[in-house]
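This is a short report for a reader new to the structure shown below.

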Amino acid sequence: MGSKSVKVEEEQQDRISDLPDCLIHHMLSFLPSRWQNQWTRVPVLIFNYTGISCENSHNIIDNILNLQDCSKIKKFHLDHPCSDDKDPGITAKIGFATRKHVEDLSLTLSQHVYTLPEFLFDNASLVKLTIQNCTLMPNGRVNWECLTELGMYDCKLPDQAMEHILSGSPLLKSLELIASLSQFDKLIIVSKSLKRFLCHHNAAMGFVYSDRFISAFEISCPNLEELSLNLNVVTICYSKLVTQAIKNVVSCSLLLESFDLNCDGISGLVIASESLKRLALGHLTDVEISCPNLEKLIILNDLGRVGTVKLLNLSSLLCATIDFYGPEFYGLGEWEEDDISDQESQKSWIKDILQQLQHIKELTLGRCIIKVLSKFVSMGDLFLPVLDTNPKFGIICVLRNSHVLEKLVINVPHYDQKYYNFLKQTDFGKNYWNSNERDFDCLSLHLKTIMIIGCPEEVVLTFVKFLLKNARVLEKMVVEFKDHVTTSKMAAFERGFMRLPRCSKNCDY
């Protein structure tokens with residue numbers, strides 16, 4: 001059966017594509033004439049601005065559209081600069097797509113904020129609409145009765161526009177809104193069909209400080225399953241409105257399973273839900289979580305803003321990720337000592353979080369929080385069953401304090417020569433692992449799985465030797481290197497690895 005399967009797979013390969021271009025061109029010259037104009041009936045049209053003058057670009061696209069002979073367009077994507085807010089060239093192309101009953105329309109425009117033509121709002125064939133740098137001003141009823149996906153990026157929506165759009169889109173399932181939120185007088189999302197809503201402040205536009213108040217912020221979507229809010233609350237002064245809106249949407253959306261919340265300026269938030277299974281929080285000062293069916297929790301806190309996190313009734317929680325926002329998190333360099341000023345508060349916050357998470361099966365500590373953790377010799381009696389961490393800081397501290405650790409994952413996220421050079425001088429240094437100060441409770445009784453991914457092969461062998469020699473109940477060890485490791489170095493590591501003594505007799509490598 002094995003040889004037969006191989007033969008069938010070989011027969012299904014595309015061998016024509018492997019032929020030289022000159023031979024393919026010769027074959028195409030013999031095709032019947034009826035094939036020569038088939039491209040004019042292709043229902044997918046994608047145009048990207050190439051950098052030539054706008055006038056020439058418009059002419060080229062218009063000539064192509066004039067030759068189109070299909071009755072229906074499945075997909076029409078246009079990435080092009082517009083000359084003014086009512087560019088006739090852009091309007092003509094949207095008119096062509098509308099007449100062809102386009103189902104998937106994408107408009108990525110630049111230079112000027114283009115005002116969508118009124119006729120586009122009366123298009124019952126639209127299923128997916130993506131628009132960027134546009135103004136939506138429907139004067140009357142919106143007829144998007146088949147629309148299921150809508151994405152609006154850096155768009156302007158005057159008063160009542162969102163209400164008209166949502167009321168005219170009865171089948172809308174997914175809504176993405178990315179913009180400078182300070183431009184809205186009010187933001188009200190009411191939809192019985194909506195299952196996914198993403199609302200993010202556009203970071204590329206910066207944090208524009210404004211005294212402008214939003215008069216209303218509401219999300220009323222009873223069938224919502226996925227919610228993602230990334231809002232710069234401080235700059236637009238509506239903390240109380242957002243806090244109340246979040247509380248309402250979480251409590252009223254009985255199908256909500258995934259919630260991402262990143263709101264700088266919100267405190268005292270209570271998140272209580274019977275349906276939530278995934279929750280990611282960032283930039284929150286004080287929060288209380290009561291979600292009995294929650295399975296995954298992510299908390300990213302500010303380095304200099306330590307608040308309280310109360311975890312209540314999380315009996316279903318399986319895994320959690322904890323980290324700090326800081327220069328390293330954003331890839332902006334290393335922390336200086338002065339960046340961690342209130343060390344006792346940081347220590348208290350970390351210890352409080354870890355103590356509340358001792359019952360879960362998998363815990364991930366980010367590289368920023370590991371650096372803070374590495375400053376403390378002892379965190380007291382912490383019992384962490386599983387830990388996924390970064391080796392640059394704190395491996396010794398983690399092993400010392402994780403008394404019932406069962407799974408250890410060490411992951412270097414990317415290759416960087418300076419980063420690797422530093423690793424050679426820190427926790428992976430040979431001096432420590434070859435010393436006698438190596439008595440860790442987890443190695444003797446609990447550690448069963450070890451994964452080491454992306455660490456420099458020059459230094460990891462000593463650490464692996466230490467683990468194999470001391471992990472008495474180890475069942476599985478995985479060591480993976482990045483693509484930059486040469487074949488010869490890999491072979492040398494394998495030879496050294498196979499000669500290492502093993503304490504556990506049941507380990508799979």
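The model is predicted, so local features need pLDDT of at least 70 and side-chain atom pairs count only at pLDDT 80 or more, while totals for chains, interfaces and linings use all residues. Residues are numbered from 1 along each chain as its sequence is written, and side-chain values use heavy atoms, with hydrogens and water left out.

**Helix 4**

Helices (H or I, at least four residues) and strands (E, at least two) are DSSP runs, numbered from the N terminus. Helix 4 has 12 residues, 88-99. Its expected span, 1.5 Å times one less than its number of residues, is 16 Å, and the end C-alpha atoms are 16 Å apart, in agreement. After helix 4 comes H101, with a positive phi near 55 degrees.

Buried means under 20% relative accessible area, exposed over 50% and partly exposed in between, with a 1.4 Å probe and protein chains only. In helix 4 the buried residues include I90, I94 and F96. Among the elements covering the buried residues of helix 4 are strand 1 (44-48) and helix 3 (54-66).

**Buried residues elsewhere**

| Residue | Relative accessibility |
|---|---|
| C199 | 0% |
| C221 | 2% |
| T135 | 10% |

T135 lies in strand 6 (residues 134-135). Beyond neighbours within four places in sequence, T135 is in contact (heavy atoms within 4.5 Å) with V113, Y114, T115, L116 and K156.

**Cysteines**

A disulfide is a pair of cysteine sulfur atoms within 2.5 Å. The count is 0 disulfides. For C199, the closest cysteine sulfur is in C263, 9.0 Å away, which is too far for a bond.
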